[in-house]
Amino acid sequence: MREPEVIEEYRRKISEEEKKIQQEKTAVSVIEKRCEDLRSQIVAIREKILSENDIAYQGPYVQKTYQEEKMKSNPQNGGENKYCPRCGNYVGDDTFCRKCGTKVK
């Protein structure tokens, strides 16, 4: 092969690989969006399972404890988030998520 043919062949292969990379990036983007949707669903399910209406029937001590925990776990209220921002796993006072390893503090 002559030099121009070799150069053109490399350019063609590079172009093909760049297309593959773009396809993979698109696939990753779709997966990340799906993960975000699943995280939202997890939060909604947790809220549904332990709603304030359910707590209201448990008596004043449980109501108070629930409200205190809710305040503590809300970063906007000066508390720490008790759930991993990446996978939604409960982390409590841990520094790292035990499920995915994300640093949470």
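Guide: R39 is partly exposed, with a relative accessible area of 21%. Partly exposed sits between two cut-offs: buried means under 20% relative accessible area and exposed means over 50%, with a 1.4 Å probe and protein chains only. The model is predicted, so local features need pLDDT of at least 70 and side-chain atom pairs count only at pLDDT 80 or more, while totals for chains, interfaces and linings use all residues. Residues are numbered from 1 along each chain as its sequence is written, and side-chain values use heavy atoms, with hydrogens and water left out.

Start with the charge partner. R39 makes a salt bridge with E36, and their closest N and O atoms are 3.1 Å apart. The term means a side-chain nitrogen of Lys or Arg within 4 Å of a carboxyl oxygen of Asp or Glu. E36 is partly exposed too, at 41% relative accessibility. R39 and E36 are 3 residues apart in helix α1, which puts about one helical turn between them. Helices here are DSSP runs of H or I with at least four residues, strands are E runs of at least two, and both are numbered from the N terminus.

Other pairs belong to helix α1. K20 and E17 join their side chains in a salt bridge at 3.4 Å, N to O. About one helical turn separates K20 from E17, as they are 3 residues apart in helix α1. K20 is partly exposed at 45% relative accessible area, and E17 is partly exposed at 41%. E9 pairs with K13, with the closest N and O atoms 4.0 Å apart. E9 and K13 lie 4 residues apart in helix α1, which covers residues 3-49. E9 has a relative accessible area of 24%; K13 has 43%. A network of salt bridges links E9, R12, K13 and E16. The total comes to 8 salt bridges.

R39 lines the second largest pocket, along with C35, L38, I42, R86, C87, K99 and C100. That pocket holds about 160 Å³ of space. A pocket is an open set of points on a 1 Å grid over the protein atoms alone, where a 1.4 Å probe fits, with protein on both sides within 12 Å along at least five of seven lines; lining residues have an atom within 4 Å of a point. The volume is the space filled by probe spheres set on the points, which are joined across faces, edges and corners. The lining divides into 5 nonpolar, no polar and 3 charged residues. Ala, Val, Leu, Ile, Met, Phe, Trp, Tyr, Cys and Pro count as nonpolar, Asp, Glu, Lys and Arg as charged, and the others, Gly among them, as polar.

Now the cysteines of that lining. C35 is partly exposed, with a relative accessible area of 32%. C100 is in no disulfide; its nearest cysteine sulfur belongs to C84 and is 3.7 Å away. A disulfide needs a pair of cysteine sulfur atoms within 2.5 Å. The structure has 0 disulfides. C100 is partly exposed at 29%.

One last stop is T102. T102 sits in the segment after α3 (60-72). T102 is buried, with a relative accessible area of 18%. Neighbours within four places in sequence aside, T102 is in contact with C84, R86, T95, F96 and C97. Contact means heavy atoms within 4.5 Å.
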